[in-house]
Amino acid sequence: MDRLAVPVQGEDVLAPFLPPPAAPPPRHPGLRRRPEPRNMTFADGLDYWDLAGDFPADGQPHWQDYSCTTAGRSAVLASAVPEPPGFAVLVQEIDAEDYHGRTVTFRGQLRATGVAGRAGLHLAAGAAYEPPGAHLRDRGASSLTGPGSSGWTWHEVTMPVGDVGVIRFGISLTGRGRIELRNPELSAARPGTPE
């Protein structure tokens, strides 16, 4: 019996007989939240960008009422039906830890076509489980355009980042129309610097 005995390290007597734990599966780089923006020129299509929205809970698949794509070096968010309900956002989500206590500015050039409601930049910070529009900054101020159409114009929105989990930035559209974004920039002031 002594020849068959196996020494055991620690208190787990079964450890020498069990297979090693499996490594977690690798994650797609687009699914991981990073502390810095990615694919800001849209050279890789919409990698790192997601379509989300605030759609009625009536059992209908309203996310199909909006579409997103790229056109050259621009991102495009558009209605796919004549009267889409709710609003849609094309956003990138990053980890907020490196931005705590700082002021963040998101800016970019927007072009609107046939906007019936509102369209503009989207900047929000909150918990990762909250919906994309939960803490939307600047509802109806300088970052929004519409109704109607406009040529390429610079817009920006600024907000302080507290003790939150994620920052979401991108473009939003409420109702019919099309909004395009090019040359997006996300920057942060150093803690304690004036805005």
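Gln109 touches Trp152, Thr153, Trp154, Glu180, Leu181, Arg182 and Asn183, leaving aside residues up to four places away in sequence. Contact here means heavy atoms within 4.5 Å. This is a predicted model: local features need pLDDT of at least 70, side-chain atom pairs count only at pLDDT 80 or more, and totals for chains, interfaces and linings use all residues. Residues are numbered from 1 along each chain as its sequence is written, and side-chain values use heavy atoms, with hydrogens and water left out.

Gln109 lies in strand 5. Strands (E, at least two residues) are DSSP runs, numbered from the N terminus. Gln109 counts as buried, at 11% relative accessibility. Buried means under 20% relative accessible area, exposed over 50%, partly exposed in between (1.4 Å probe, protein chains only). Its side chain makes polar contacts with the side chains of Arg182 (2.9 Å) and Asn183 (2.6 Å). A polar contact is a pair of N or O atoms within 3.5 Å; within protein, one must be able to donate a hydrogen and the other to accept it, and residues adjacent in sequence count only if both atoms are side-chain atoms.

Five strands form an open sheet in the order 2-3-10-5-8, with antiparallel pairing. Strand 2 (66-71) and strand 8 stand at the edges with a single partner strand each, so one side of each has no neighbour in the sheet. Two strands pair if DSSP finds at least two bridges between them.

| Strand pair | Bridges | Sense |
|---|---|---|
| Strand 5 and strand 10 | nine bridges | antiparallel |
| Strand 2 and strand 3 | six bridges | antiparallel |
| Strand 3 and strand 10 | five bridges | antiparallel |

Some bridge partners can be named. Ala112 stands opposite Ile179 in strand 10. Ala78 in strand 3 is the partner of Ser67. Arg178 in strand 10 is the partner of Ala78. Strand 2 and strand 3 form a hairpin with two residues between them. Gly72, in that turn, has a positive phi of about 65°.

Strand 3 is largely enclosed by the rest of the structure, because six of its six residues are buried. Ser74, Val76 and Ala78 lie on one side, and Ala75, Leu77 and Ser79 on the other.

The largest nonpolar core has 30 residues. Such a core is a set of buried Ala, Val, Leu, Ile, Met, Phe, Trp, Tyr and Cys residues joined through side-chain atoms within 4.5 Å. Phe106, Leu123, Ile167, Phe169, Ile171 and Ile179 touch the most other members. Strand 5 gives this core its largest share, five residues.

Note on methods: Helix = DSSP H or I, 4+ residues; strand = E, 2+ residues; numbered from the N terminus.
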